[in-house]
Amino acid sequence: MSIRLDGDPRRDKILHAALAVFSRYGFKRASMEDVAGDAGISRPALYQSYENKAAIFAALAVALGRASCDAAEA
């Protein structure tokens, strides 16, 4: 599934990594370090894009909802 958020490649990369991390560990056990590692960026760089894990999860939910709507329309 293609996940996009406002066409920002850095955020797209983070969301793809977050999806993998949340799927692997669940929200509670996942860490910002895990997401940053999967995205191939540093943790401080991750914090430049998202305030915390909850913000990433919320953005991921919006992106997945958008992707689902796009797929339904197609």
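Reader: How many salt bridges does the structure hold, and what makes a pair a salt bridge?

Author: The structure holds 3 salt bridges. The term means a side-chain nitrogen of Lys or Arg within 4 Å of a carboxyl oxygen of Asp or Glu. This is a predicted model, where local features need pLDDT of at least 70 and side-chain atom pairs count only at pLDDT 80 or more, while totals for chains, interfaces and linings use all residues. Residues are numbered from 1 along each chain as its sequence is written, and side-chain values use heavy atoms, with hydrogens and water left out.

Reader: Why are Asp 38 and Arg 24 called a salt bridge?

Author: Their side chains meet at 2.7 Å, N to O, and the rule asks for within 4 Å, so the pair qualifies. The pair links distant parts of the chain, with Asp 38 in helix H2 and Arg 24 in helix H1, 14 residues apart. Helices here are DSSP runs (H or I, at least four residues; strands are E, at least two), numbered from the N terminus.

Reader: And what makes Glu 33 and Arg 43 a salt bridge?

Author: The closest N and O atoms of Glu 33 and Arg 43 are 3.6 Å apart. Glu 33 sits in helix H2 and Arg 43 in helix H3, so this pair ties together parts 10 residues apart in sequence.

Reader: Why is Glu 33 called partly exposed?

Author: Its relative accessible area is 48%. Buried means under 20%, exposed over 50%, and partly exposed in between (1.4 Å probe, protein chains only), so Glu 33 lands in the middle class. Arg 43, at 43%, counts as partly exposed too.

Reader: How do you know that Ser 49 is buried?

Author: Ser 49 has 14% relative accessibility, so it counts as buried. This residue of helix H3 touches Arg 10, Arg 11 and Ile 14, leaving aside residues up to four places away in sequence; contact means heavy atoms within 4.5 Å.

Reader: What makes you say H1 bends, and where?

Author: H1 bends by about 80° at Ser 23. That is the angle between axes fitted to the seven residues ending there and the seven starting there. The span of H1 (residues 9–29) is only 26 Å between its end C-alpha atoms, whereas a straight helix of 21 residues would span 30 Å at 1.5 Å a residue; the expected span is 1.5 Å times one less than the number of residues.

Reader: Which helices do the buried residues of H1 pack against?

Author: They pack against H2 (32–39), H3 (43–49) and H4 (53–73). Among the buried residues of H1 are Ile 14, Leu 15 and Phe 22.
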